[in-house]
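Here is a short briefing on one protein model. Look over the sequence and the structure first, then read the points below.

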Amino acid sequence: MFPQWLTITTVKDDSGSPTHYVACFIDITLRKAAEEQINSLAFYDPLTLLPNRRLMGDRLKQALASSARSEKYGALLFIDLDNFKVTNDTLGHTVGDLMLQEVGQRLVTCVREGDTVARLGGDEFVLMLEGLSGNRRESAAQAKSVGEKVLATISQPYLLAGHHCRSTPSIGVTLFTDHMETSDELLKRADLAMYEAKKAGRNTLRFFDPEMQAAVATRAALEADLRNAVLCDQFKLFYQAQVDGEGILTGVEALVRWIHPERGLVPPRDFIGLAEETGLILPLGHWVLQAACAQLTNWSLRPEMSQLAISVNVSAHQFRQKEFVEQVLAVIARTGANPRRLKIELTESLLVDDVEAVIAKMTELKANGVGFSLDDFGTGYSSLSYLKRLPLDQLKIDQSFVRDILVDPNDAAIAKMVIVLAESLGLTVIAEGVETQAQRDFLAGQGCHAYQGYLFSRPIPIEEFEIFARRG
């Protein structure tokens, strides 16, 4: 059997009557094969042979129209393999491709014959379920049941080219029934839900929530504003006093504040995390360092302020830059600041990766006079074996321990431990978040004689701080 193109021609005599017929045919097997190949390339993923994004979009449009007519819900399940890049990087792309093919085959077994399994690209797959219940709650339960089957199926071990592998999926689910919704909107919703599954710890399933979309839209607007703020110099340093056991002002912590033209004062908790995620923490952190050093130079010309030190928070992302040491030294040289009045505050999260590089950078800056304080001590996972090797000057007792130090014996014990540890390592210790005289007295009784908190001063702009310093 083969396809042919057939042409039949009538042969007539002089009177116009047909005498016989001539049939010609052409074997069009190759032409048909080419058409099928073109169709496959246009609508199917060449690796898994599943429908691709284009065909998935077409089927989804049809499913939306069908759902609107039947008043029955459908569902999209957006599936992303957890840590698939690790498999590719460690075992090679050949094994990675084999895994994707196996995942595609397993997904087909999780759905009904009329449902669609598609590969969008990379390690992203989509299941489209049609003809679910007319009740939203029941449809959600049906979609959840399929999602749980996918979780169990994909999580089974794989044997790929002699390698024993494992993989887990993160799944986002959204329901649909209104033909007014576009296919792109639905895919975006399922994608958002999938990222919520990632945030929840992976290997799990999450449904799309309209509040999730609103939160994403708010975040996108905030990110755009934050990028503009970096360009338009909308940031300002506030200063919080640090005092010794006698209540004498010894220094300040420089805290960045965002003065938004419409939102007003944006608290750090609303934008520092976003700055970290987007990489904007790098230009922002550089600006903070520059502004703090310029302030040190300004104070050095005023006898009543010249002895003050400034502590600057540096994020792990910022510190890990290869040129971080050079950047700090360049800022000090450019501003003329006394490096012995500059203290860099680091968090324990910095010690999770490549501790040797951290120690090397700290040692070089320390040799140039810069001091170091370990901020939020006790809230992370730092190893004491590393801690004793770090060229630190100070440990900072986190405010979460100070807050309930008078009523929670565990917090009190941790604060005591930090004080004793600092003393044994030859470091000073300062407590942040001191809000009452009773907290200050308890800390003093344990041997902590440096404080920072609302009991002494809130973070305030430079103009207010200098008035406060003159009074003190």
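Predicted model: local features only at pLDDT ≥ 70, side-chain atom pairs only at ≥ 80, totals over all residues.

**Residue D82**
- D82 sits in the loop that runs between strand 3 (74–81) and helix 3 (84–91).
- Is D82 buried or exposed? Its relative accessible area is 5%, so D82 is buried, as the cut-off is under 20%.
- The side chain of D82 makes a polar contact of 2.8 Å with the side chain of K198.
- Leaving out residues up to four places away in sequence, D82 touches S167, T168, P169, S170, K198, R202 and N203.

**Helix 3**
- Which residues of helix 3 are buried? They are F84, T87 and N88.
- Viewed down the axis of helix 3, these buried residues fall within an arc of 95°, so they line one face of the helix.
- The face turned away from that buried side carries the exposed residues K85, D89 and T90.
- Strand 3 and helix 4 (93–108) are among the parts that cover the buried residues of helix 3.
- After helix 3 comes G92, and its phi is positive, near 100°.

**Aromatic pairs**
- How many aromatic pairs does a search of the whole structure find? It finds ten.
- In one of them, the rings of Y239 and W299 have centres 5.8 Å apart. Their planes meet at 55°, so this pair is tilted.
- Y239 belongs to strand 10 (residues 235–244) and W299 to helix 9 (residues 281–300), so the pair ties together parts that are 60 residues apart in sequence.
- Y239 and W299 are both buried.
- F465 and F468 form another tilted aromatic pair, with 6.1 Å from centre to centre and 40° between the planes.
- Both F465 and F468 lie in helix 17 (residues 462–471). They are three residues apart, about one turn of the helix.
- An α-helix has 3.6 residues a turn, so residues three or four places apart point the same way.
- F465 has 0% relative accessibility, so it counts as buried. F468 has a relative accessible area of 25%, so it is partly exposed.

**Cluster and charges over rings**
- One aromatic cluster is made up of F235, W258, F271 and W287.
- R106 lies over the face of Y158, 3.7 Å from the ring centre.
- R458 lies over the face of Y454, 4.1 Å from the ring centre.

Key:
Residues numbered from 1 in each chain as written. Heavy atoms only, no water. Helix = DSSP H or I, 4+ residues; strand = E, 2+ residues; numbered from the N terminus. Buried < 20%, exposed > 50% of the residue type's maximum accessible area, 1.4 Å probe, protein only. Polar contact = N/O pair within 3.5 Å; in protein donor to acceptor, adjacent residues only side chain to side chain. Contact = heavy atoms within 4.5 Å. Phe/Tyr/Trp six-rings, centres within 6.5 Å; stacked < 30°, edge-to-face > 60°. Lys NZ or Arg CZ within 6 Å of the ring centre and 35° of its normal. Arc of directions from axis to C-beta.
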